[in-house]
Every structure is written in structure tokens, then in C-alpha cells.
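Please look over the briefing below, which goes from the chain as a whole to its pocket and then to a few individual residues.

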Amino acid sequence: MSQMTTKVARRMTLALTGWLLAACTADHLPTAPAAPANVQQQGASPVISAVLPTNGLNTVTTALTTVVPLGRLLPLSVNVSGSAMIGPRGGVLSVPALGVTLEVPAGAVDTLTQFSITALPGNALAYEFEPHGTTFKQPLVLSQRLGLTTWLPGLKLGGGYFKRSDQVDNVTRRARVNEVLPATVRGGEVILKLWHFSGYLVSMG
């Protein structure tokens, strides 16, 4: 091989070696650190995640039942009330003008308590009782004489508990009650058992 050819071969070898070194070194050059994935861009709206309570967990619903109150022969133009102090031994509260009696058995209350009955004005046979919100250890017995009402023998009666007087509508002769109660007709009276106050009525059907 001539001297010229040997020099050319050496130059080509050096050039190829340099190119390979540059290529290998490029794979290991330092790069800029990647931005954190959770960094918010300036001006972007934040993403808010909220866990909402399922419907019903924090919602209280009260189902009301529509009933037809039994009527009075003579509608009341004003409230008519009666009251009595009754203690742990029990007692009776009676309002003869309304034909209504409330019997408080022994043990129903722990202390001397003022009981009151107030008939709502209008035709509906409905009453408010006090003290409001009171519950009893023994059931109270409410008796209503039927001779002062529109009741006819054989007509089925019931009872209803209402929280507010505006649930009783004397115009439409309807009432929306929170509880429906059984009633007993005996000796010309309708009888209901009450475990708590405040409003009760006698219903038809």
C-alpha cells in the first residue's frame, strides 16, 4: 500500500471515531428537569373536588296524610279552652261545653303539670293540647261525646295528630295529619289514646 493511501485511511478512521464518540455522548447529555405534574399553570382555574351527601342522609321528610275531620253540629266562632293542674297521681280535664274529656292516668307525668285543651274555631272537631311537645310514660285517654257532632251510627271514625293548627282547613273540610290513629266508638263516645301533644282531631273513615 502506498504512503498516500495510508494517510487517507488514517484520516477516515479518525473522522469515523470522532463521529461515533459524539453520537454516544449526546445520549448522556443533561436535560432540563421535567415540570411537576401537579403544578398549576398561572391563570388556570383550580379544580375542586367535593363529596356531596347522598339525598336523604341530611334531609328529613315528613309525609302528611289527608283526612276528613268529623264536624260539629254548631261551628265555633272563637277558641274554647279548659285547663287543669294534674300530677303524678293522675287526674281528669273536662270541658263540658265541648263534650270532651282528657284522662291522665297515674304515672303519665313525674311532676305537677298544667294541662290545657283548646278547640279550634270552625266546624272541624280538632283540638290543641298543652304543654306542646310533651311525651307521656302512660297513654292519655281522650273521649269526645258524639251527640254534639255530625256522626251517624255505623260511620267509621279515626284520629289524627297534627303539629300546627294551619294543617286543619275548615274551608275545604280537609286536614293534613302527621299521624293517623285508631279510634274506638263506645257508649256514644269516640275514644283516642294519646302518647304526646300537641294537636288531635277526630276523622271520618
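How many nonpolar, polar and charged residues does the lining of the largest pocket have? The lining has seven nonpolar, two polar and three charged residues, where Ala, Val, Leu, Ile, Met, Phe, Trp, Tyr, Cys and Pro count as nonpolar, Asp, Glu, Lys and Arg as charged, and the others, Gly among them, as polar. This is a predicted model, in which local features need pLDDT of at least 70, side-chain atom pairs count only at pLDDT 80 or more, and totals for chains, interfaces and linings use all residues. Residues are numbered from 1 along each chain as its sequence is written, and side-chain values use heavy atoms, with hydrogens and water left out.

**The chain as a whole**

- The protein chain holds one helix and 16 strands, these being DSSP runs numbered from the N terminus, with helices (H or I) of at least four residues and strands (E) of at least two.
- Of its 205 residues, 32% count as buried (buried means under 20% relative accessible area, exposed over 50%, and partly exposed in between, with a 1.4 Å probe and protein chains only).
- Among contacts (heavy atoms within 4.5 Å) with a separation of 6 or more, 72% are accounted for by residues 24 or more positions apart.
- The accessible surface comes to about 13,500 Å², of which 59% belongs to carbon and sulfur atoms, as given by the Shrake-Rupley method with a 1.4 Å probe.

**The largest pocket**

- About 190 Å³ of space lies in the largest pocket; a pocket is an open set of points on a 1 Å grid over the protein atoms alone, where a 1.4 Å probe fits and protein lies on both sides within 12 Å along at least five of seven lines, and lining residues have an atom within 4 Å of a point.
- Strand E13 (179-181), strand E14 (184-186) and strand E15 (189-196) each supply at least two residues of the lining, and E15 gives the largest share, five residues.
- The lining includes Glu179, Arg186, Trp195 and Tyr200, and Ala183 is also one of its residues.
- Ala183 is found in the loop between E13 and E14 and, at 23% relative accessibility, counts as partly exposed.
- Although Ala183 and Gly158 are 25 residues apart in sequence, their C-alpha atoms are 4.7 Å apart in space; leaving aside residues up to four places away in sequence, Ala183 touches Leu157, Gly158, Gly159, Val190, Ile191 and Leu192.

- Thr113 has its place in strand E6 (residues 113-119) and is buried, with a relative accessible area of 15%.
- A polar atom of the Thr113 side chain lies 2.9 Å from the backbone oxygen of Thr111.
- Beyond four places in sequence, Thr113 touches Ala84, Met85, Ile86 and Pro131.
- Pro131 sits in the loop between strand E8 (126-130) and strand E9 (135-145) and is partly exposed, with a relative accessible area of 26%.
- Pro131 and Gln114 are 17 residues apart in sequence and 7.3 Å apart from C-alpha to C-alpha, and the residues that Pro131 touches, not counting those up to four places away in sequence, are Thr113, Gln114 and Phe197.

**Asn123**

- Asn123 lies in strand E7 (residues 122-124) and is buried, with a relative accessible area of 17%.
- The side chains of Asn123 and Arg173 make a polar contact at 3.5 Å (a pair of N or O atoms within 3.5 Å, of which, within protein, one must be able to donate a hydrogen and the other to accept it, while residues adjacent in sequence count only if both atoms are side-chain atoms).
- Not counting residues up to four places away in sequence, Asn123 touches Leu70, Gly71, Arg72, Pro75, Asn170 and Arg173.

Notes. Grid points are joined across faces, edges and corners, and a volume is the space filled by probe spheres set on the points.
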